[in-house]
Structure formats: C-alpha cells, structure tokens
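Subject: Structure handover

Hi,

Here is the structure I promised to pass on. My notes on it follow below.

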Amino acid sequence: QLQLVESGGGLVQPGGSLRLSCAASGFTLDYYAIGWFRQAPGKEREWVSCISGSGDSTKYANRVQGRFTISRDNAKNTVYLQMNSLKPEDTAVYYCARVSQRLCVGSYDYWGQGTQVTVSS
C-alpha cells in the first residue's frame, strides 16, 4: 500500500517552468524527509533536492540552486518541486524518494516510478 507517485512532467521551452508533484500514500508523510532525483539517458542518476519531514529544512544540488524550490503539504500527503528557468540539461526522468527518517541524511528506502521532464530548444 506504500506508494510514491510522481506527476506534472511534460514538455517545456527553455526558460519555462514546471511543478512536479509527489503524492504519497500508505505512510505518515511528516515522519519522513522526501528527496528528488533525476536521470537522463546515458547518465548516472543524480540527486536534486530534499526536504525534511517538517519542511523546515531544504537542500539543493548546485546545478539547480536558485532555480528549483522544494516544498511539501503534509495535509495533502504531497511534496512538490517547482522548477523555474528550465534548461535543456534539466531534461530527465524525475523521481521522488523517501528518506528513512525526518532529516535529509541517510538512505532512501522507497522510490516512485518517475515522471518525464523534457526541455526543448
């Protein structure tokens, strides 16, 4: 019954914006930090961002710092990734994942199926 389901991906022009959603079910969301990862074809999966269980702390990869914003609405069991000023290099499948505790440290123990983000030139 534990699920993480990503949505909100699509095709956007460079400089455009998208908001991804990660809908959680089967567990109490505020007990867990949630992270976002992405993977482009032929490249390694890379960590993008993470938000603590309470939402008080956020972390970002250098490549997205200042352009992406992670947030959460625990009442809706949903974590968001607002992506602005998108670049072609942001094209990837984006995954959300659960951290094994409330802080953005340690291992990720459950993953969603991913949503495709394509930034066209």
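The classes are buried (under 20% relative accessible area), exposed (over 50%) and partly exposed in between, with a 1.4 Å probe and protein chains only.

Before the rest, the ground rules. This is a predicted model, in which local features need pLDDT of at least 70 and side-chain atom pairs count only at pLDDT 80 or more, while totals for chains, interfaces and linings use all residues. Residues are numbered from 1 along each chain as its sequence is written, and side-chain values use heavy atoms, with hydrogens and water left out.

Glycine 9
Glycine 9 sits in the loop between S1 and strand S2 (10-12). Strands here are DSSP runs (E, at least two residues), numbered from the N terminus. Leaving aside residues up to four places away in sequence, glycine 9 touches Leu18, Leu20, Thr115, Gln116 and Val117. Contact means heavy atoms within 4.5 Å.

Sheet
An open sheet is formed by 4 strands, ordered S1-S3-S8-S7, with antiparallel pairing. Two strands pair if DSSP finds at least two bridges between them. Strand S1 (3-7) and strand S7 (68-73) are at the edges with a single partner strand each, so one side of each has no neighbour in the sheet. From one strand to the next, the twist averages 15 degrees. Axes for such angles are lines fitted to C-alpha atoms, and angles run from 0 to 180 degrees between N-to-C directions. S1 and strand S3 (residues 18-25) run antiparallel and are joined by 5 bridges. Leucine 4 stands opposite alanine 24 in S3.

Disulfides
How many disulfides does the structure hold? There are 2 disulfides, each a pair of cysteine sulfur atoms within 2.5 Å. Counting bonded cysteines along the chain, the pattern is 1-3, 2-4.

- Cysteine 22 is joined to cysteine 96, S to S 2.1 Å. Cysteine 22 lies in strand S3 and cysteine 96 in strand S9 (residues 92-99), 74 residues apart. The S-S torsion is about 70 degrees, so this disulfide is right-handed. Both cysteine 22 and cysteine 96 are buried.
- Cysteine 50 and cysteine 104 are also bonded, with sulfur atoms 2.1 Å apart. Cysteine 50 is in strand S5 (residues 46-51), and cysteine 104 is in the loop between S9 and strand S10 (108-111), 54 residues apart. The link has -90 degrees about the S-S bond and is left-handed. Cysteine 50 is buried at a relative accessible area of 0%. Cysteine 104 has 14% relative accessibility and counts as buried.

Core
The largest nonpolar core has 28 residues. Such a core is a set of buried Ala, Val, Leu, Ile, Met, Phe, Trp, Tyr and Cys residues joined through side-chain atoms within 4.5 Å. Which members touch the most others? They are Trp36, Phe68, Val79, Leu81, Met83 and Tyr94. At least two core residues come from each of S3, strand S4 (34-39), S5, S7, strand S8 (78-83), S9 and strand S11 (115-119). S3 gives the most, with 4 residues. Beyond four places in sequence, tyrosine 94 touches residues including Glu6, Leu20, Trp36, Phe68, Met83 and Val117.

Best wishes
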